[in-house]
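Subject: Structure handover and findings

Hello,

Here is the structure, followed by notes on what was found in it. Please read the notes with the model open.

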Amino acid sequence: MFSDDVALADYHIHPDFSVDAEGSIEDFCLAAREKGLSEICFTTHYDTNPIDSEWGRSIRIDGELKLNSVVNFGHYVRAVETAQKESPMVVKCGVEAGYYPGCEDEIEKLIETYPLEYKLGAVHEVGDICICNEESIKRAYGDIPLEKLVEDYFGLVKQMVESGLFDTVAHIDMYKWHGLKYYGDEILTGHRGRIEPAFEAMVKHDVGMEINTAALRKGHTEYYPTMEIVNSARKAGVRIASIGSDAHRPSEVAYDFEVAKMIAYDLFPYCNE
Ligand SMILES: [Zn+2]
Ligand SMILES: [Zn+2]
């Protein structure tokens with residue numbers, strides 16, 4: 001249980017509508033209540049990039065995989081609406097939409113169709129490299145220098161922010177997930193001189209950054225993003241919008257939030273430079 005000095009909320013949760021997640025919306029609500037959270041926001045995946053596998057572009061509805069579409073997404077929205085009525089906790093309906101150039105019209109249609117309360121934007125692919133996929137990163141390591149991978153990644157983050165479709169950038173240095181294994185420690189400083197234009201766009205368009213604790217579950221010693229990036233975000237005037245566990249199973253809800261909340265709630269207000 002968390003102490004109740006701060007009302008904690010987990011703003012990055014994947015119920016089993018996400019093809020890579022386990023556990024129903026009800027299971028996640030129960031887990032969140034057990035952890036003493038005051039609020040959770042579901043953010044199922046909406047990935048439609050044609051370079052991605054069919055599996056990666058799907059949504060699970062009643063146990064069956066269907067391609068993501070504005071219509072199919074309605075099943076998820078209605079399931080969260082039911083939980084909103086039944087749970088004593090604040091339950092919000094959001095999305096983690098995968099951004100790629102050309103997705104804008106579809107995302108716009110999605111957010112016009114449903115009253116989504118939180119829109120996380122995520123860059124999961126850089127060109128034809130899927131940064132969530134180890135095999136893909138391994139191939140990239142042979143073909144693309146680190147500088148180019150990171151430069152192109154932050155170029156996409158900037159474009160995503162400028163689209164005006166999103167509230168928050170998800171896991172802003174997620175390229176390090178599998179990248180660290182192949183590119184080595186240099187990947188941890190690869191953002192230097194490359195992240196700044198994305199930060200400027202975030203300030204201009206009032207798009208926040210999340211503290212995503214999932215990196216710890218993937219064997220990293222720091223969150224997405226690293227403290228170095230958190231500190232430069234702070235200097236650039238980027239706000240921390242939320243903490244998210246990026247839970248893909250109920251046991252992962254609010255993972256490491258005792259520490260994450262200090263970064264999000266304590267560090268920022270006192271360091272208003
Ligand atoms: Zn993601
Ligand atoms: Zn996620």
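E252 is buried, at a relative accessible area of 11%; buried means under 20% relative accessible area, exposed over 50%, and partly exposed in between, with a 1.4 Å probe and protein chains only. This is a predicted model, in which local features need pLDDT of at least 70 and side-chain atom pairs count only at pLDDT 80 or more, while totals for chains, interfaces and linings use all residues. Residues are numbered from 1 along each chain as its sequence is written, chains are lettered from A and ligands numbered from 1 in the order in which they are written, and side-chain values use heavy atoms, with hydrogens and water left out.

Salt bridges

The whole structure contains 12 salt bridges, each defined as a side-chain nitrogen of Lys or Arg within 4 Å of a carboxyl oxygen of Asp or Glu. E252 is in one of them, with R217, at 3.2 Å from N to O. That pair links distant parts of the chain, 35 residues apart: R217 is in helix α8 (residues 214-217), and E252 is in the loop between β11 (240-244) and α10 (257-270). Helices (H or I, at least four residues) and strands (E, at least two) are DSSP runs, numbered from the N terminus. R217 is partly exposed, at 24% relative accessibility.

A second salt bridge joins E134 and K181, whose closest N and O atoms are 2.6 Å apart. E134 belongs to helix α4 (residues 134-143) and K181 to helix α6 (residues 176-183), so this pair ties together parts 47 residues apart in sequence. E134 is partly exposed, with a relative accessible area of 27%, and K181 is exposed at 59%.

E258 and K261 also form a salt bridge (3.3 Å, N to O). They are 3 residues apart in helix α10, which separates them by about one helical turn. E258 is partly exposed at 35% relative accessible area, whereas K261 is buried at 7%. Salt bridges with shared partners also join E22, R217, R249 and E252 into one network.

D10 is in strand β1 (residues 9-13). What is the nearest side chain of opposite charge to D10? It is K35, 7.6 Å away, and D10 is buried without a salt bridge; Lys and Arg count as positive and Asp and Glu as negative, with His and the chain ends not counted. A polar atom of the D10 side chain lies 2.8 Å from the backbone nitrogen of A254. Leaving out residues up to four places away in sequence, D10 touches residues including L37, I243, V253 and F257, where contact means heavy atoms within 4.5 Å.

Aromatic rings

There are 12 aromatic pairs in the whole structure. Rings of Phe, Tyr and Trp (its six-membered ring) pair if their centres lie within 6.5 Å; planes under 30 degrees apart count as stacked, over 60 as edge-to-face and the rest as tilted. F28 and F42 are edge-to-face, with ring centres 6.3 Å apart and planes at 85°. F28 is in helix α1 (residues 25-34) and F42 in strand β2 (residues 39-46), 14 residues apart. Both F28 and F42 are buried.

Ring pairs also link F17, Y46, F73, Y76 and Y114 into a cluster.

Regards

Definitions and conventions. Polar contact = N/O pair within 3.5 Å; in protein donor to acceptor, adjacent residues only side chain to side chain.
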